[in-house]
Amino acid sequence: MTPRGMATIDKTDTQQRETAERLIVQYLTEAHATEEALVTTLRAHISITPAGGYRDLLERHLGETQQHASSIERRLGELDASRGIVAAGLSLAQTVVGQALALAKGPVDMLRGKSGEEKLLKNAKDECATEALEIATYDALHTLALAVGDEKTARLAIRHRGQEERVLEELRKHVVALTHATVLAQATGRPTYDATTTGAADTAKRFKHEAQEKVGA
């Protein structure tokens with residue numbers, strides 16, 4: 001149901017309807033590109049984040065982000081086969097750009113800051129910015145879907161936006177904790193960052209253990 005006072009198109013006007021539907025595809029495509037780029041960024045951040053509540057949040061949101069990307073892909077396919085093909089091409093182009101930026105940023109994230117704690121703080125601040133961008137993206141998609149009368153896309157936007165809002169709220173709490181950790185590490189000279197418990201270290205340990213099991217088998 002469209003809220004009172006919100007602009008809607010004349011669905012009997014073919015030109016208006018088709019223009020609005022193309023916008024739906026465009027906005028879904030932009031959302032998909034953002035989600036795909038975030039998958040790459042989250043993986044890079046997890047690799048340098050020690051075990052604990054912050055990494056748990058990143059790992060959980062990585063799964064949610066992957067699900068978001070898949071949901072958008074399905075919706076694009078449902079809208080129309082021909083438009084879906086076009087959208088897939090646009091999505092691929094935008095995703096390639098987004099992932100290139102994320103991949104280029106990953107190594108930089110490992111070098112930024114004077115301490116491990118500060119690296120994590122800067123990452124968390126970037127993640128907050130990304131979540132805010134996604135929330136705005138889904139605000140726009142939801143508003144557009146209501147104007148067009150596309151209830152399924154509107155529900156998708158609401159569902160995804162709700163998860164992004166919860167993650168942003170949690171990230172802001174971690175920003176506070178990571179700021180305290182950064183100050184203490186640099187002021188007292190007693191860091192708490194432990195590189196041996198990061199996502200990359202845990203992955204290396206797991207591969208080593210699996211390799212040893214294979215040799216012993």
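My opening question: which residues in α1 meet which residues in α4? I found Ala20, Glu21, Leu23, Ile24, Tyr27, Leu28, Ala31, Thr34, Glu35, Leu38 and His45 in α1, and they meet Asn123, Glu127, Thr130, Glu131, Glu134, Thr137, Tyr138, Ala140, Leu141, Leu144, Ala145 and Val148 in α4. Contact here means heavy atoms within 4.5 Å. By class I get 13 nonpolar, five polar and five charged residues (nonpolar is Ala, Val, Leu, Ile, Met, Phe, Trp, Tyr, Cys and Pro; charged is Asp, Glu, Lys and Arg; the others, Gly among them, are polar).

**Ground rules.** I am working on a predicted model, where local features need pLDDT of at least 70, side-chain atom pairs count only at pLDDT 80 or more, and totals for chains, interfaces and linings use all residues. Residues are numbered from 1 along each chain as its sequence is written, and side-chain values use heavy atoms, with hydrogens and water left out.

**Overall fold.** I see six helices and zero strands (DSSP runs numbered from the N terminus, H or I of at least four residues for helices, E of at least two for strands). Of the 217 residues, 40% count as buried, meaning under 20% relative accessible area with a 1.4 Å probe, protein chains only. Among contacts with a separation of 6 or more, 77% join residues 24 or more positions apart.

**Helix pairs.** The axes of α1 (residues 14-47) and α4 (residues 116-148) come within 10 Å and cross at roughly 160 degrees; I take axes as lines fitted to C-alpha atoms over the stretch in contact, with angles from 0 to 180 degrees between N-to-C directions. That makes α1 roughly antiparallel to α4 (over 145 degrees). Next I checked α4 against α5: the angle is about 165 degrees and the axes are 8 Å apart. This pair is therefore roughly antiparallel too. The contact of α4 with α5 has 20 nonpolar, six polar and eleven charged residues.

**Cores.** Which residues touch the most other members of the largest nonpolar core? They are Tyr54, Leu58, Leu171 and Leu178, out of 18 residues. A nonpolar core is a set of buried Ala, Val, Leu, Ile, Met, Phe, Trp, Tyr and Cys residues joined through side-chain atoms within 4.5 Å. Helices α1, α2 (53-79), α4 and α5 (151-188) each supply at least two residues. I also followed Leu178: beyond its neighbours within four places in sequence, it is in contact with Tyr54, Glu117, Leu120, Leu121 and Ala124. A second, separate core of 16 residues includes Ala20, Leu28, Ile72 and Val148.

How values were computed: Angles under 35 degrees count as roughly parallel, over 145 as roughly antiparallel, 65 to 115 as roughly perpendicular and the rest as oblique. Buried means under 20% relative accessible area, exposed over 50%, partly exposed in between (1.4 Å probe, protein chains only).
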